[in-house]
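Me: I would like to learn how to read helices, their packing and single residues in a model like the one shown here. Could we take the features in turn, with the general idea before the case?

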Amino acid sequence: MAGVLVMGGLCDGAFDRSLLQAATAAAPLASAMGVPLMGALIGPSVSATADAMQCGLEAMYLAEDAQFAPYTADAYVRAARAAIEASGASTVIIPHGGVAREWVPQLAARLQAALVMNCCAVSAEGGQLIATKPVNGGSVLAQFEVLGELRILTIDSGNFEPRPAGQPVTPTRLKVPAQADAQVEVLSEEVQSNQGGRLKEAKKIVAGGRGVGGPEHWHWIEEAAAVLDASVACSRPVADSGWVPSRHQVGLSGTSVAPDLYIAVGISGAPQHLAGITGAKTVVAINTEAGAEIFKRADWGVVDDYKQVLRGFTERVAQLRG
Amino acid sequence: MNIVVTVKQVVDPNLPADFISVDPASQRIVSTYGLTPVMNGYDANALEAALKLREAHGGKVTVICLGDGASRNTLKRAHAMGADAVVLLSDPTWADLDSAGAGHVLAAAIRHIGDVDLVLCGRQASDTDAGQVLFWIAENLGIPAVCPVARIEESSDESLVVHRLLDDGYQRVRVRLPALLGVSSEINDPRSPSMKGTMIASRSLAPTWTASDLAVPQMQPKLKMRNQEIQVRTSSARLINGDTAEAKGAALADHLHEAGLL
């Protein structure tokens, strides 16, 4: 039985609405192909997420085991393979981002499957699977025909609304034999939570770029974020320069975000950064350069020295929210 | 340590959208004004990491590049940065390879070099932004792949301890050699070519390996490019005015408050 399988890896066990967004992307493919829409979850503790993922799927497969934390690509690839074999899926849809960038291409290579990552649109036209994704740092959209018997797509979930709850199914539990990977061993994990919660799920984000001027000025971004109860983010040059850790980086090689409000401070708007905020609803740009690309993406713009602007902004926000 | 670095020549990713176009025949992204293509940024980071490992452990750094004759520019730069050997992989049948096909060819070249301890790749190429080829190489060679790597903390002839980036931090991972790493830009600042290196590179010609040299059979494509469309942005933000920068900031807060965004 062929089918479309929505699959997610959950290293930390927390529910991730990107699964429901991926289901929204997958559902029209299943109907166009006339095959069932199914789900699969991999992680140390996925039962609660399985409940939250009940959105009218025809089957659900769970690979729940201690071996899936800490994350190793090898364990996720073995579990994903078991889910694909158990479900008989021919098309697999996975939310893009984080460790999926590592284990999904390993899965594709292991199974000799076709893969397109970071798709912003997918469709099935006359039996042909079509995937669209940003390339060249986001300045170009490329459209591919995805060929072969097994086809895997990762989805930039910010482009899709979560699929509403639907008829629940009883999950099938997969047995994935544990197997120590002698070649890659996780020694430790250094994980820090972001101010204002997970970046990719943040509703409000204040992001700083090279224009902030240096790590000694970063407190301006943090203070603006704090008064808004927003998450802090940065552009790639800021992460590369080590002003703030890479986990804050938004863009094609960082996190894709979809907040209601994105305030870009001193960010010029390189395509690879803009590709990470395609799902942002309202974008505000604060920059001294009136010609900066970011103003073409932004809904609101302020052309002036960001420190003075943020001083006035932060004070007023404190009054309005107080 | 015998290290192979894969590099790709790409259109400068910092060119704005109105400086690039899509060549209708090849469906490749090209610079409208003939601006010189560059070495993919993450690949330069991979090469720098390889040169640092060679400084610490001795050995050899071989750089391989899949592309047409124009890619010799990028190989020259790699040579000038300090690579011991550079090889161009070029064949008419490789012009339109997808990630799987490119990984197949690069893996065949690495096998041809032989006895390789470490393969270093950029985490993704800035033209296709696919992030796949390195994993196809590793699968073909039957070695583990770790990506994206932001730091090499320890290195010996048997293993490396590296930092693999996660969404909210990183993992410290010990990987036994032989292995492949996908390198991210946090790892280093690539050096500029030295004067001496540039002179040596300018006097040498990279050898070319073809499909018959590597005995690579033709592969069925897994992806077919339909079209590429340049995203030219034309809209513009509504600018907020005020007598002072502070007043603009306060006015911005008021606008966002009215829109229910605070």
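Reply: We can begin with burial, where buried means under 20% relative accessible area, exposed over 50% and partly exposed in between, for a 1.4 Å probe and protein chains only. In α7(B), the buried residues are A245(B), K248(B), G249(B), A250(B), A251(B), L252(B), A253(B) and L256(B). This is a predicted model, in which local features need pLDDT of at least 70 and side-chain atom pairs count only at pLDDT 80 or more, whereas totals for chains, interfaces and linings use all residues. Residues are numbered from 1 along each chain as its sequence is written, chains are lettered from A and ligands numbered from 1 in the order in which they are written, and side-chain values use heavy atoms, with hydrogens and water left out.

Me: What do the buried residues of α7(B) pack against?

Reply: They pack against β14 (261–265), β15 (282–287), β16 (300–303) and α9 of chain A, where helices (H or I, at least four residues) and strands (E, at least two) are DSSP runs numbered from the N terminus. After α7(B) comes G260(B), which has a positive phi near 70 degrees.

Me: What span should the 14 residues of α7(B) have?

Reply: The expected span of a helix is 1.5 Å times one less than its number of residues. For the 14 residues of α7(B) this gives 20 Å, and the end C-alpha atoms are 20 Å apart, which agrees. The 15 residues of helix α3 (residues 73–87) of chain A should span 21 Å, and there too the ends agree, being 21 Å apart.

Me: Is α3(A) mostly covered or mostly exposed, and what covers its buried residues?

Reply: α3(A) is mostly covered, with 12 of its 15 residues buried; among them are A73(A), Y76(A), V77(A), A80(A), I84(A) and S87(A). The elements that cover these buried residues include β1 (4–9), β2 (37–43), β3 (59–64), β4 (91–95) and α4 of chain A. Just after the helix, G88(A) adopts a positive phi of about 70 degrees.

Me: At roughly what angle do the axes of helix α9 (residues 306–321) of chain A and helix α7 (residues 245–258) of chain B cross?

Reply: Axes are lines fitted to C-alpha atoms, for helices over the stretch in contact, and angles run from 0 to 180 degrees between N-to-C directions. Here the two axes come within 6 Å and cross at roughly 40 degrees. α9(A) and α7(B) are therefore oblique to each other, given that angles under 35 degrees count as roughly parallel, over 145 as roughly antiparallel, 65 to 115 as roughly perpendicular and the rest as oblique.

Me: Which residues of α9(A) and α7(B) meet?

Reply: With contact taken as heavy atoms within 4.5 Å, the residues of α9(A) that meet α7(B) include V309(A), F313(A), V317(A) and L320(A), and those of α7(B) include A250(B), L252(B), A253(B) and L256(B). The residues of this contact divide into nine nonpolar, four polar and four charged; Ala, Val, Leu, Ile, Met, Phe, Trp, Tyr, Cys and Pro count as nonpolar, Asp, Glu, Lys and Arg as charged, and the others, Gly among them, as polar.

Me: How close do the axes of helix α4 of chain A and helix α4 of chain B come?

Reply: The axes of α4 (residues 100–111) of chain A and α4 (residues 133–141) of chain B come within 9 Å and cross at roughly 50 degrees. That makes α4(A) oblique to α4(B), and the crossing is right-handed. On one side R101(A), E102(A), P105(A), Q106(A), A108(A), A109(A) and R110(A) take part, and they meet F135(B), W136(B) and E139(B). The residues of the contact comprise five nonpolar, one polar and four charged.

Me: Which residues does A239(A) touch?

Reply: A239(A) sits in helix α6 (residues 236–240) of chain A and is buried, with a relative accessible area of 5%. Not counting residues up to four places away in sequence, A239(A) touches C234(A), V244(A), S246(A), Q249(A) and E186(B).

Key
Left-handed = near helix turned anticlockwise from the far one by under 90°.
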